[in-house]
Amino acid sequence: MNVPTMADLMAQGKQPEILFWVGSAGSFDDRAKKITRAFVKILNHAKVNFAVLGTEESCTGDVAKRAGNEFLFQMQAVMNIEVLNAYEVKTIVTCDPHSFNTLKNEYPQLGGNYKVIHHTQFIQQLISEGKLKISSEKYKGQNLTFHDPCYLGRANSEYEAPRSIIKRLGVNYTEMKRNKATALCCGAGGAQMFKEPEKGDMDINVLRTEDALQTNPKIIATACPYCNTMITDGVKAKEKEDSIEVLDIAELIANSENL
């Protein structure tokens, strides 16, 4: 796989069009790494001029901020902004809506001003520019539903990009009853991913999976590595892992094109 780093390109006097911000989940979580690889395959297939920061990338600080540690968030953010500004980064693409929201809406206050794009928006852009074609053969007629990530949907009002991509796959698409602005959180946002659930009748990810199961899906599509983990755990809790796949939109595209 061709994954150049900013340091390598700058040493050659080159500037990539976009920086691919991998994010903590996409870098370290084994399941999320598959999403990262799928998106890199799409970038290479569409001949996108991109680079990653590699070991120079650090956590955006999103989790620290949500958990209430503003000091740690600002330390992380300022450190990242110094690196990004040193490389004169203009455009950032990320598969993680948490990174997307933080880089887009919270870094400008600390001196980090970039054009930030979610990977579903970027894939849609590649399609509209004719740089990426999607085959409808692989998933034709399969029942599919989509779970809106909170930080992509309700926080940033992006509902159409993922849906327009999904509908090109030739699937039998059904919305959950709670969707778009009324979608239910997967349960991982606000640093909840890293703590045990509080006492109650049901974990949120199981409740959200029940929403999905009402559509009788073969595939539950996600656009966030954290959502992917939570919905996958929900499917396991319902003992449906043999009959239902949980796939990121990048994986659906990569699979449909045999990348």
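Let's start inside helix H9, which spans residues 204-213 and holds Arg208; helices here are DSSP runs of H or I with at least four residues, strands are E runs of at least two, and both are numbered from the N terminus. This is a predicted model, in which local features need pLDDT of at least 70 and side-chain atom pairs count only at pLDDT 80 or more, while totals for chains, interfaces and linings use all residues. Residues are numbered from 1 along each chain as its sequence is written, and side-chain values use heavy atoms, with hydrogens and water left out.

Is Arg208 buried or exposed? Arg208 is buried, at a relative accessible area of 0%; buried means under 20%, exposed over 50%, and partly exposed in between, with a 1.4 Å probe and protein chains only. Its side chain makes a polar contact of 2.9 Å with the side chain of His147. Such a contact is a pair of N or O atoms within 3.5 Å; within protein, one must be able to donate a hydrogen and the other to accept it, and residues adjacent in sequence count only if both atoms are side-chain atoms. Beyond neighbours within four places in sequence, the residues in contact with Arg208 (heavy atoms within 4.5 Å) include Asp148, Met176, Arg178 and Ile231.

## Salt bridges

The structure holds 12 salt bridges, each being a side-chain nitrogen of Lys or Arg within 4 Å of a carboxyl oxygen of Asp or Glu. One of them pairs Arg31 with Glu251, with the closest N and O atoms 2.8 Å apart. Because Arg31 lies in helix H3 and Glu251 in helix H11 (residues 249-256), this pair ties together parts that are 220 residues apart in sequence. Arg31 is partly exposed at 24% relative accessibility, whereas Glu251 is buried at 8%.

Arg178, already met as a contact of Arg208, forms a salt bridge with Asp211, the closest N and O atoms being 3.0 Å apart. Arg178 sits in the loop between S6 and H9 while Asp211 is in helix H9, so the bridge links parts 33 residues apart in sequence. Here Arg178 is partly exposed at 31% relative accessibility, and Asp211 is buried at 9%.

## Around Arg66

Arg66 belongs to helix H4 (residues 62-66) and is partly exposed, with a relative accessible area of 24%.

## Nonpolar cores

A nonpolar core is a set of buried Ala, Val, Leu, Ile, Met, Phe, Trp, Tyr and Cys residues joined through side-chain atoms within 4.5 Å. The largest one has 59 residues, of which Phe20, Phe39, Phe122 and Ile253 touch the most other members. Helix H3 (residues 30-45) gives this core its largest share, 6 residues. Leaving out residues up to four places away in sequence, Phe122 touches Ile18, Phe39, Leu43, Val48, Val93 and Ile117. A second, separate core has 8 residues, among them Ala25, Cys186, Ala188 and Cys227.
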